[in-house]
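I opened my notebook to follow a few residues through a structure, one step at a time. Come along and look with me.

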Amino acid sequence: MNRNKVIGLTGSIATGKSQVSNYLRQRGEKVIDADLIAREVVDIEDVKEKIKKAFGDDIYKDDELDREALGEIVFRDEDKRRVLNEIEHPEIYKIILEEIKNSKGRVFVDIPLLFEAQHLNEKYGLEFDEVWLVYVSREKQIARLIKRDKISRGYALEKINSQISVEDKKIMADVIIDNSGSLEETFRQVEENLKRL
C-alpha cells in the first residue's frame, strides 16, 4: 500500500473499542473510522442513485436516507443485505484507502468487524501491519452489553453470538488491549504499544 504503518483497531460489541479509539484521537493519532464512513457514503450521489434503484425512491425522505426503514429491510432479507453491501463496500474501502494514502506516519483504522470482514479487506487491498484487539472476557462483555443497551441476557447473547467470539479474535490479533480493569489501566497498555511502535 504505502510507507505508512497501518494498524487495524477492532473489538467486539461492548468491549470498549470506542474508548480506545477516542483516546488515540486525543493523543493526536490519525484514526480512520470505518463506521462513520459507512454512514456517510449513503449521501454520495452515485451511491444514493443505486440505493434508490435497488430499494425504491421513497427510501430517501427529503434527500435523507431512512436508515430505520432500510435497516428493517436488510435485517430480514439476506439477498437485499448483499445488494446493499455491494453498493456500499467499494465506496467505503475507496475512502479508507484514500485517507491512508493521504496520511503521514502511522494510521489506525477502526473497524468493528475487522475479522468478520477479512475477505473484504483482502478483496479491496486493505492490509494491516498489525491488528489491535480491545478485549474483555465473555462474561464481562455480556454484563456490559445488558447494562449499556438495557436488554435481556438472551438478547445480549444473540447479539454477541452473531460475531466471531472475542476469545477467537484474541488468537487472531497481534496486540491485546485488555479493557477489563480501569480506564487508566487500559490507556497505560495503549501508551506502552505506542512507545513500542
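**Starting from a tyrosine**

I began with Tyr135, which I found in strand 6, residues 130-135. I kept in mind that this model is predicted.

Is Tyr135 buried or exposed? I looked up its relative accessibility, which is 8%, and the cut-off for buried is under 20%, so Tyr135 counts as buried.

Next I listed what Tyr135 touches beyond its neighbours within four places in sequence; among its contacts are Val166, Lys170, Ile176 and Asn179. Glu167 is in that list too, and the side chains of Tyr135 and Glu167 make a polar contact at 2.8 Å.

**On to Asn179**

Which side chain does the side chain of Asn179 meet in a polar contact? I found Thr186, at 2.6 Å. I also checked Thr186 against Tyr135: they are 51 residues apart along the chain, and their C-alpha atoms are separated by 9.9 Å.

**A look at helix 1**

I then turned to helix 1, residues 17-26, where Lys17, Val20, Ser21, Tyr23 and Leu24 are buried. Seen down the helix axis, these buried residues fall within an arc of 160 degrees, so they line one face of helix 1. I reminded myself that an α-helix has 3.6 residues a turn, so residues three or four places apart point the same way.

What covers that buried set? I noted strand 6, strand 7 and helix 10 among the elements that do.

Conventions
Residues are numbered from 1 along each chain as its sequence is written. This is a predicted model: local features need pLDDT of at least 70, side-chain atom pairs count only at pLDDT 80 or more; totals for chains, interfaces and linings use all residues. Side-chain values use heavy atoms; hydrogens and water are left out. Helices (H or I, at least four residues) and strands (E, at least two) are DSSP runs, numbered from the N terminus. Buried means under 20% relative accessible area, exposed over 50%, partly exposed in between (1.4 Å probe, protein chains only). Contact means heavy atoms within 4.5 Å. A polar contact is a pair of N or O atoms within 3.5 Å; within protein, one must be able to donate a hydrogen and the other to accept it, and residues adjacent in sequence count only if both atoms are side-chain atoms. The arc is that of the directions from the helix axis to the C-beta atoms.
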